[in-house]
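This report covers the ligand site and the salt bridges of the structure shown below.

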Amino acid sequence: MSAIMSRRSVAIPVPLSASPYSGIALRLYDAFVLNFTSPFAWGCRKKTISELYRQRVSVRHAEVGVGSGYFLKRLPRKQWESLALIDPNRSALSFVKRRLPATLSVEYNADILRCETLPSVRFQSVAANYVLHCLPGPMAEKDIAIENLASLLVDDGTLFGATVLGASEKHNALGRIVMGVCNRTGAFGNVDDTEEGLRRLLSQHFMTVDIRREGTVAIFVASQPRRSMRSLVDTRDAQ
Ligand SMILES: C[S@@+](CC[C@H](N)C(=O)[O-])C[C@H]1O[C@@H](n2cnc3c(N)ncnc32)[C@H](O)[C@@H]1O
């Protein structure tokens with residue numbers, strides 16, 4: 001019997017942004033994306049992101065867009081009170097569950113663009129690392145994802161992560177090739193993404209927003225979610 005939770009009785013459809021993350025692609029993810037594309041196409045070292053996780057992960061954490069689970073796996077041993085793994089792709093959820101064998105996690109088959117699929121519990125920290133650039137653009141369309149991420153947090157909670165910015169950046173040749181291929185296949189939707197656009201979206205849903213840059217990647221930390229009417233309904237703190 002599957003231990004993957006869902007607010008629906010059937011698996012949710014896997015969006016194009018999540019479809020690459022299964023089988024061999026998932027097994028090669030760390031080598032190809034984190035050791036190669038991230039430093040050489042985007043100019044962002046995985047050491048920087050590991051450090052962000054070390055500083056920001058809390059003991060009541062939700063990981064949105066789990067991928068291979070590399071950054072969770074690299075954390076110093078944590079006494080989790082709750083750890084939620086959230087992804088529309090069940091292969092990724094199962095892969096990360098196996099990679100964190102001693103960790104009591106709860107997996108949610110859910111899509112950050114669809115609030116009705118998300119858990120109705122709140123967390124102290126939420127990571128969405130290398131997820132926003134995967135979501136379909138233009139950037140304004142990602143507002144719903146930021147609102148949904150905010151709704152997963154307690155009042156003094158923190159969202160953090162990194163995202164690859166779009167075509168207005170000075171991408172190198174490798175970056176332009178990867179951007180082109182990924183945007184054509186629907187694995188990315190970031191052509192239009194800018195640092196200012198990201199700041200605007202985050203500021204609409206959080207009181208405190210910090211964005212810094214490494215290469216063409218924006219590294220963000222946003223705290224104290226502003227409450228929309230919707231997020232006040234049907235949520236409780238993670239136990
Ligand atoms: C590039 S990987 C990032 C993996 C990991 N967070 C990391 O930093 O290496 C993108 C992840 O986001 C997930 N994803 C894509 N679209 C999503 C959506 N609409 N809602 C939630 N997760 C999504 C994918 O399935 C995949 O696990």
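In the classes used here, Ala, Val, Leu, Ile, Met, Phe, Trp, Tyr, Cys and Pro are nonpolar, Asp, Glu, Lys and Arg are charged, and the others, Gly among them, are polar. By that scheme the shell around the ligand holds 11 nonpolar, four polar and two charged residues. The model is predicted: local features need pLDDT of at least 70, side-chain atom pairs count only at pLDDT 80 or more, and totals for chains, interfaces and linings use all residues. Residues are numbered from 1 along each chain as its sequence is written, and side-chain values use heavy atoms, with hydrogens and water left out.

The ligand is surrounded by 17 residues (a heavy atom within 4 Å), and the closest are Ser17, Gly65, Asp87, Asp111 and Asn129.

| Residue | Protein atom | Ligand atom | Distance |
|---|---|---|---|
| Ser17 | side-chain N or O | nitrogen | 2.7 Å |
| Gly67 | backbone N or O | oxygen | 2.8 Å |
| Asp111 | side-chain N or O | nitrogen | 2.7 Å |

Taken alone, the ligand exposes 600 Å², of which the protein buries 99% (Shrake-Rupley method, 1.4 Å probe).

The whole structure has 11 salt bridges (a side-chain nitrogen of Lys or Arg within 4 Å of a carboxyl oxygen of Asp or Glu). One of them joins the side chains of Arg114 and Glu116, at 3.1 Å from N to O. Arg114 counts as partly exposed because its relative accessibility is 21%, and Glu116, at 39%, is also partly exposed (buried is under 20%, exposed over 50%, partly exposed in between; 1.4 Å probe, protein chains only). Another salt bridge links Arg199 with Glu195, whose closest N and O atoms are 3.1 Å apart.

Definitions and conventions
Polar contact = N/O pair within 3.5 Å; in protein donor to acceptor, adjacent residues only side chain to side chain.
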